[in-house]
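This report describes the fold of one protein and then turns to two of its residues. Please keep the sequence and the coordinates at hand while reading.

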Amino acid sequence: MIQSIADALSYTFMQNALIAGLLVSVACGIIGALVVVNRIVFISGGIAHAAYGGIGLGYLFKYNLLPTLMAGSAAALSDRPGYFPIAGAILFSLLSALAMGWVQRRTRQRTDTVIGVMWAIGMALGIVFVDLTQGYKVDLMSYLFGSILAVKRGELVVILILDLIIVGAVMLFYKELLALSFDETFATVQNVPVDAIYLLLLCMIALTVVMLMRVVGLILVIAMLTMPAAIAGRFVRDLKRMMALAVGLGLVFTTLGLWVSYAWNLTSGAAIILVSGSGYLLSLALKPWLSRI
C-alpha cells in the first residue's frame, strides 16, 4: 500500500489532486459545519446546481464573446483552460446565493418551492449557454461529476485564494455566525445584523461550492459539504471543535478517496463520496458503542 501511494504521488497530477483535496477540505469542514448547524442543506444544494449557469456563461463568454470583443493578448488569454468557467461559476453562485437568501428572508412564498425553481432555472441557463457556445467542450462533464485529477496549478491558486477569503471571513465574523446559528432571536436583540450575516454565510457557501465542483462535481457537492460536518456533529457540540473535526475528516476522506480511485481505477469524485458515506455509516454504528464506554 505504501509503495502504491509513493508511486501515485510521483505523478504531478496526483500531487495537484492531493493539494486540491487538502485545500478544499478546510473550507468544506468550516462551512459544512455552519450548513449543518443552520439546517440549510437544501438552499446549499440550490446554490450548487444554479452554479452550472455560471459555468455555461463562462464557456459562452470565452469561446463566443471574448474573441469578438477583443483581439491580440485577449485571444491568448481566452486559451487558458478553466479560468472563465470558474469566474462565471463564482459570479453566478454569488448572485444565486444572494437571490435565494433574499427570497428566504423576505417573501412569504414557500421557500423550498422558490429555491427549487431558481435551482432549475440556473441549470437550464447553463445548458442553453453551452448550446450557444461554438463546438463541444470535452471537459464540461468534469464540472458536473468532478475531475480532481485534472486540476491545474493555476486552479490551485484560485482555490487557495477562495480558501483564505472564507477562513478570514469566518474568523472575522465568528461571534455573529455563532449567534445566528444557535439563537437568532438573541442575535437580533443584541443588534447583530442577522440578515447581512445570513447573506454572508450563503456567499461563503457559494465560494465553497465553486471549490468543490472540481473535486467531486456539482452533483455531489452537498454530500461532501455535509457528511464530514454531520459526523463531527455527532461527537462534539462546540462549533469550533466541530469545524476542526470536520476539516480533519475531510482531509482523511479526500486522501483515502484519491488512493481508492487510483488503486481501482475509479472516478475520483465518486470514490471520495463513497469513502465519506462509509465514514458516516460507520459513525452511526459506533456512536451508541462509544456512548456506553
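## Fold and two residues

From the N terminus on, the elements of this predicted model run α-α-α-α-α-α-α-α-α-α-α-α-α-α, and the protein has 14 helices and zero strands, where helices (H or I, at least four residues) and strands (E, at least two) are DSSP runs numbered from the N terminus. Because the model is predicted, local features need pLDDT of at least 70 and side-chain atom pairs count only at pLDDT 80 or more, whereas totals for chains, interfaces and linings use all residues. Residues are numbered from 1 along each chain as its sequence is written, and side-chain values use heavy atoms, with hydrogens and water left out.

Of the 293 residues in the protein, 50% are buried, a term that means under 20% relative accessible area, while exposed means over 50% and partly exposed lies in between (1.4 Å probe, protein chains only). The accessible surface, computed by the Shrake-Rupley method with a 1.4 Å probe, comes to about 14100 Å², and 68% of this surface belongs to carbon and sulfur atoms. Among contacts (heavy atoms within 4.5 Å) between residues at least 6 apart in sequence, 80% join residues at least 24 apart.

Leu164 and Leu23 are separated by 141 residues in sequence, yet their C-alpha atoms are 9.7 Å apart in space. Thr208, leaving aside residues up to four places away in sequence, touches Ala27, Cys28, Ile31, Ile166 and Leu225.
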